[in-house]
Amino acid sequence: MTVLIKGAGVAGLAAAFELSRRGIAVEVVDAAETVGGGASSYAGGMIAPYCEREAADEAVLALGLSAADWWAEAVPGEIFRRGTLVIAAGRDSGELDRFAARTRGYERVGGNAIGKLEPDLAGRFDRALFFAEEAHLDPRKAMAGLYERLVESGVRFHLGGADSPSEASFSTVVECTGAAAIAATPGLRGVRGEMLFLETAEISLSRPVRLLHPRHPLYIVPRENNRFMVGATMIETDDDGPITARSVMEFLNAAYAVHPAFGEARVVEMGVGVRPAFADNLPRVLDRDDGFAIAGMYRHGFLLAPAMARQLAERLCGAKHPPLFSHPSFRKEAIQ
Amino acid sequence: MPIFYGTEVRSRLFLGTARYPSPAVLAEAVRQSGTDIVTVSLRRETAGGRSGGAFFELIRELGVRVLPNTAGCHSVSEAVLTAKMAREVFSTNWIKLEVIGHQDTLQPDVFGLVEAACILAGEGFEVFPYTTDDLVVAERLVEAGCKVLMPWCAPIGSAMGPQNVPALRAMRAHFPDVPLIVDAGIGRPSHAATVMELGYDAVLLNTAVAGAASPAAMAAAFAKAIEAGHAACHAGMLEPRDMAVPSTPVIGKAVFT
């Protein structure tokens, strides 16, 4: 069996890994020059199944629980298992209770414990939720590492549109084209996400910090070299134009509220990605005439790509596997 | 059933469409609420309304009437422009007019609101103004051509419930023939029942449903509370009194125990 994977974002790379480890000959094609050319590069990289449960379906938690182990195996050394800290300003402490009521897997911590976890936040917040089991990674480094590993194991990549292979020469084609599939996939829509990178040596964080706020919730994910990824908006549009002034203003205000040192940070990058999503915001492995598609990763690319890749591999290899999302509303869309 | 700008609707619950966990959850909440009017923000949810494409399509597929709003507009010109875009996108003259005056409380800028209402009414819009419980402002809005008023009962999204019941009661008494909808500040079904008992025609909600653990179940709970409050208002409620009144007469009983 030979498989062509269209799309070298997080879903395509994870699928390539799961197929090639099963001994299947895999090639990957992407119009971009590098892997992660779409929304994946702008991801937070939080492996946070418990926190996501605040707004996401239980399936996201169930499928995401093994993601940190998957990444640890796929790209050793790239995953940091330091948990997530969820904080709120004093006047929004009700938001912490609301978040706690919707989630599990946390411990309530007070000011002292916050200071021990994140010394630079000492004295700034009285209450927090600490999700010890969660993890994070740097999406760009993780995808680069996965790419190298795939190349070493014999997966052929066709990047930048050059020497694209003929689809007909493969026994199966797997579409992992992210937002590019929106127009051709019934029920799929775009959800715009905006983010920015701040750089400052005046503060350091060990783990992702989520600031709960009724209007401007945000997360800050520490990266190497004194960088912090700040995100992300959720706007119902497939417009991938530049970030709006209002979003920048809200991010910077909220980051400043987490720590004033962010006021002096440099804004080193701003990014916009369009996340493909179905109406229930759950991803799926879809049947196609010439193979399969992994679609609708929404804001859960790094969290759920491992589970989708495994599901794809099991279906391709003939293993009986019930569809994970047989939601009636989705079936209707898929048939239409 | 209530009539707004000549259109009879079957539900006294207007439901906002922002901040649901997913469009599928939103659709289920709309179904469970029994509403036939949803509000949609052109600005905040859709990057300035340039292309809300798929989301707007999902809203249209709900099969209910859309009341577009100008949420997030802080000036008259922004609000007027957004209203015109909304008319194009949703093919309706209805517009829920918000002109926000205060960053923290999101209190309406009532001066800008009256000015924008004049402009929009003059251009054929049917304006649903989001206003305070100030009677003089309400009169100006009616003079400007508004045939519906939407006073807040507490700041947007605060879930505090009615903060000034006497003012809401005065507004009802002062505008017996203008449909009144409480917009903003409702947190619980009991809040909605309270304002309906005061004789309001409808309630507009968003956060209280979208932010609930189960939005669909909360939408159903609100629908019942709103119907109950409305029915109670017309069933003639007792006034509270400060002493007990036995429901069974005591004098005349054969045996005192």
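Mentor: A residue is called exposed when its relative accessible area is over 50%, and buried when that area is under 20%. The structure under discussion is a predicted model.

Trainee: Why is Ser91(B) called exposed?

Mentor: The relative accessible area of Ser91(B) is 66%. Exposed requires over 50%, so Ser91(B) is exposed. Ser91(B) belongs to the loop that joins helix H3 (76-90) to strand E6 (94-97) of chain B.

Trainee: What makes the phi of Ser91(B) worth noting?

Mentor: Phi is near 50 degrees there, a positive value in a residue other than glycine. Asn225(A) likewise is not a glycine and has a positive phi, of about 60 degrees. Asn225(A) sits in the loop between strand E12 (218-222) and E13 of chain A.

Trainee: Is Asn225(A) buried or exposed?

Mentor: Its relative accessible area is 61%. Since the cut-off for exposed is over 50%, Asn225(A) is exposed.

Trainee: Which peptide bond is called cis, and with what omega?

Mentor: The bond from Gly231(A) to Ala232(A) is cis, and its omega is near -20 degrees. Ala232(A) is placed in the loop between strand E13 (227-231) and helix H8 (245-258) of chain A.

Trainee: How do you know that the buried residues of helix H1 of chain B are on the same side?

Mentor: The buried residues of H1, which spans residues 23-33, are Pro23(B), Leu26(B), Ala29(B), Val30(B) and Ser33(B). Around the axis they cover an arc of only 115 degrees, so they share the same side of H1(B). Their packing partners include strand E10 (189-199) of chain A and helix H9 (215-235) of chain B. Just after H1(B) comes Gly34(B), with a positive phi of about 70 degrees.

Trainee: Why are the buried residues of H6(B) said to line one face?

Mentor: In helix H6 (residues 165-174) of chain B, the buried residues are Ala167(B), Leu168(B), Met171(B) and Arg172(B). Viewed down the axis of H6(B), they lie within an arc of 140 degrees, and therefore line one face of the helix. The face turned away from that buried side carries the exposed Pro166(B) and Ala173(B). Among the elements that cover the buried residues of H6(B) are helix H5 (135-143) and helix H7 (189-197) of chain B.

Trainee: How do you know whether the radius of gyration of chain B agrees with that of a compact globule?

Mentor: For 257 residues, a compact globule would have a radius near 18 Å; chain B has 20 Å, which agrees.

Key: Residues are numbered from 1 along each chain as its sequence is written. Chains are lettered from A and ligands numbered from 1 in the order in which they are written. This is a predicted model: local features need pLDDT of at least 70, side-chain atom pairs count only at pLDDT 80 or more; totals for chains, interfaces and linings use all residues. Side-chain values use heavy atoms; hydrogens and water are left out. The radius of gyration is taken over C-alpha atoms; the globule rule is 2.2 Å times the number of residues to the power 0.38. Buried means under 20% relative accessible area, exposed over 50%, partly exposed in between (1.4 Å probe, protein chains only). Helices (H or I, at least four residues) and strands (E, at least two) are DSSP runs, numbered from the N terminus. The arc is that of the directions from the helix axis to the C-beta atoms. Contact means heavy atoms within 4.5 Å.
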